[in-house]
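Have a look at the fold first, then we'll go through it piece by piece.

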Amino acid sequence: MPKVGMEPLRRKALIDATISAIGERGSLDVTMSEIAGRAGVSSALAHHYFGAKDELLQATMRHLLSELGTDLRAALHMAATAHERVLAVIAVNFSDKQFRAETIAAWLAFYVEAQKSPAMRRLLRVYARRLHSNLMSGLSKLMPRAEADHAAEGIAALIDGFYIRRALKDGTPNAVSAVAVIEDYLETKLQQHKTAS
């Protein structure tokens, strides 16, 4: 008989093991058996908690989204101005917790999988909408809505681009340099708005 309260711990261990396995492999080409072994549980138990591998992968993506959302809400709560809100969104995406090699690899693998998986595509749309909304919560107070929308798209593209470059190990993008480039883009957009006003 399973121990009471173990299910959430084992589910979390399986999700962590999935992120680790994807990070090491660089793709979603991992087996339930491999993931279960990393989590210290049997394959049967992994299937019991998640069913098929696709369900575990979706749960892992939802977990990453949830962690990012929690971190963003905390950062936005601390922001005192509209400008600080935008800076907070940028910073959270490159925090030590988010910009880790295995997490980045998982995000890239999920983007690839979303090309053929409607469920993954839906989750990535949720991510994109949340990112846009969080950026707009600050940008829309700093410039007209159309300009803010354009700046939010640019910032989102830069964030995704740095994740891709880091996952592919193309050069050495690090969190500090990534944040600096994106903040420079933001300041350019803000200056353009001031000059045009």
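Contact here means heavy atoms within 4.5 Å. Keep in mind that this is a predicted model.

**How α4 and α5 pack**
- Helix α4 covers residues 53-78 and helix α5 covers residues 82-93; their axes come within 9 Å and cross at roughly 150 degrees.
- Angles over 145 degrees count as roughly antiparallel, so that's how α4 and α5 run relative to each other.
- The crossing of α4 past α5 is right-handed.
- On the α4 side, the contact is made by Leu68, Asp71, Leu72, Ala75, Leu76 and Met78, which meet Glu84, Arg85, Ala88, Val89, Val92 and Asn93 of α5.
- Sorted by class, that contact has eight nonpolar, one polar and three charged residues.

**The nonpolar core**
- The largest nonpolar core has 61 residues, and the members touching the most others are Leu14, Phe94, Trp107, Phe110, Leu139 and Ile155.
- Helix α4 is the top contributor to this core, giving ten residues.
- Skipping residues up to four places away in sequence, Leu139 touches Val86, Ala148, Ala151, Ala152, Ile155 and Leu186.

**A closer look at Ala46**
- You'll find Ala46 in helix α3, residues 43-50.
- Is Ala46 buried or exposed? Buried means under 20% relative accessible area, and Ala46 has 0%, so it counts as buried.
- Beyond its neighbours within four places in sequence, Ala46 is in contact with Leu14, Met32, Ala36 and Gly51.
- Ala46 and Leu56 are ten residues apart along the chain, with 8.6 Å between their C-alpha atoms.

Technical notes:
Residues are numbered from 1 along each chain as its sequence is written. This is a predicted model: local features need pLDDT of at least 70, side-chain atom pairs count only at pLDDT 80 or more; totals for chains, interfaces and linings use all residues. Side-chain values use heavy atoms; hydrogens and water are left out. Axes are lines fitted to C-alpha atoms, for helices over the stretch in contact, and angles run from 0 to 180 degrees between N-to-C directions. Helices (H or I, at least four residues) and strands (E, at least two) are DSSP runs, numbered from the N terminus. Angles under 35 degrees count as roughly parallel, over 145 as roughly antiparallel, 65 to 115 as roughly perpendicular and the rest as oblique. A crossing is left-handed if the near helix is turned anticlockwise from the far one by less than a right angle, and right-handed if clockwise. Ala, Val, Leu, Ile, Met, Phe, Trp, Tyr, Cys and Pro count as nonpolar, Asp, Glu, Lys and Arg as charged, and the others, Gly among them, as polar. A nonpolar core is a set of buried Ala, Val, Leu, Ile, Met, Phe, Trp, Tyr and Cys residues joined through side-chain atoms within 4.5 Å. Buried means under 20% relative accessible area, exposed over 50%, partly exposed in between (1.4 Å probe, protein chains only).
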